[in-house]
Amino acid sequence: MATTMDELLEGLNLDLAAEFQAVITYRLFASLCTGPYRQELRGFFESEIPDELEHAEFLADKIVALGGTPSTEPLPVTITTDNRKMLEIAHQAEADTIKRYEERVKQADDLGLTALKVRLEDLIVDETAHKEEMERRLENWKG
Ligand SMILES: [Fe+2]
Ligand SMILES: [Fe+2]
């Protein structure tokens, strides 16, 4: 079945809510992490925030350009005080985000929105780098 513009806008708003969730999550993880590697982890989580904010900016601009209304609510945010669990939560969120953008690429393609499709592919590149970084950090976790 062909994608409609309403379906695409609904999807982009879900993506925007997930980017807001990512910004809040990384901000809070940076504050909540503890232990001997606290400063390093704090800097790492903080370093993710500009990318996610840029994604939110792109999505909000695009939703408005396509005639939609941008969402104001983040997806639910899960926090923890366990450093490893933070990385696991972040890894799962990045993986889920990649799947959503892959679906959005198909919808944009269905609607003949080539520029949107290409930009969404760029977002997949960013989120894949984030996901791989989480994997590298989880790989040799001690303690
Ligand atoms: Fe993002
Ligand atoms: Fe990300």
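What volume does the second largest pocket have? It comes to about 270 Å³, where a volume is the space filled by probe spheres set on grid points that are joined across faces, edges and corners. Before going further, please note that this is a predicted model, in which local features need pLDDT of at least 70, side-chain atom pairs count only at pLDDT 80 or more, and totals for chains, interfaces and linings use all residues. Residues are numbered from 1 along each chain as its sequence is written, chains are lettered from A and ligands numbered from 1 in the order in which they are written, and side-chain values use heavy atoms, with hydrogens and water left out.

**Pockets**

A pocket here is an open set of points on a 1 Å grid over the protein atoms alone, where a 1.4 Å probe fits, with protein on both sides within 12 Å along at least five of seven lines; lining residues have an atom within 4 Å of a point. Lining residues are sorted by class: Ala, Val, Leu, Ile, Met, Phe, Trp, Tyr, Cys and Pro count as nonpolar, Asp, Glu, Lys and Arg as charged, and the others, Gly among them, as polar.

| Pocket | Volume | Lining | Nearest the centre |
|---|---|---|---|
| Largest | about 310 Å³ | 14 residues | Tyr37, Leu41, Asn83, Trp141 and Lys142 |

For the largest pocket, the elements that give two or more residues to the lining are H2 and helix H3 (83-110); helices are DSSP runs (H or I, at least four residues), numbered from the N terminus. Its lining has four nonpolar, five polar and five charged residues. In the second largest pocket, H3 gives the most to the lining, with eight residues, and the classes are nine nonpolar, five polar and six charged.

**Iron site**

The iron ion (ligand 2) is 3.9 Å from the iron ion (ligand 1), and glutamate 52 coordinates both. Histidine 55 in helix H2 and glutamate 127 in helix H4 (residues 114-139) are 72 residues apart, a link between distant parts of the chain. Both histidine 55 and glutamate 127 are buried, that is, under 20% relative accessible area with a 1.4 Å probe and protein chains only.

**Aromatic rings**

Rings of Phe, Tyr and Trp (its six-membered ring) pair if their centres lie within 6.5 Å; planes under 30 degrees apart count as stacked, over 60 as edge-to-face and the rest as tilted. By this rule the count comes to three aromatic pairs. Tyrosine 26 and phenylalanine 45 are stacked, at 6.0 Å centre to centre with 20 degrees between the planes. This pair joins helix H1 (residues 5-32), which holds tyrosine 26, to helix H2 (residues 38-65), which holds phenylalanine 45. Phenylalanine 29 and phenylalanine 45 have ring centres 5.4 Å apart and planes at 65 degrees, so that pair is edge-to-face. Phenylalanine 29 counts as buried because its relative accessibility is 0%. Ring pairs link Tyr26, Phe29, Phe44 and Phe45 into a cluster.

Methods
Buried means under 20% relative accessible area, exposed over 50%, partly exposed in between (1.4 Å probe, protein chains only). Donors are N, O and S atoms within 2.8 Å of the metal (3.2 Å for Na, K and Ca); water is not among the atoms, so sites may look incomplete.
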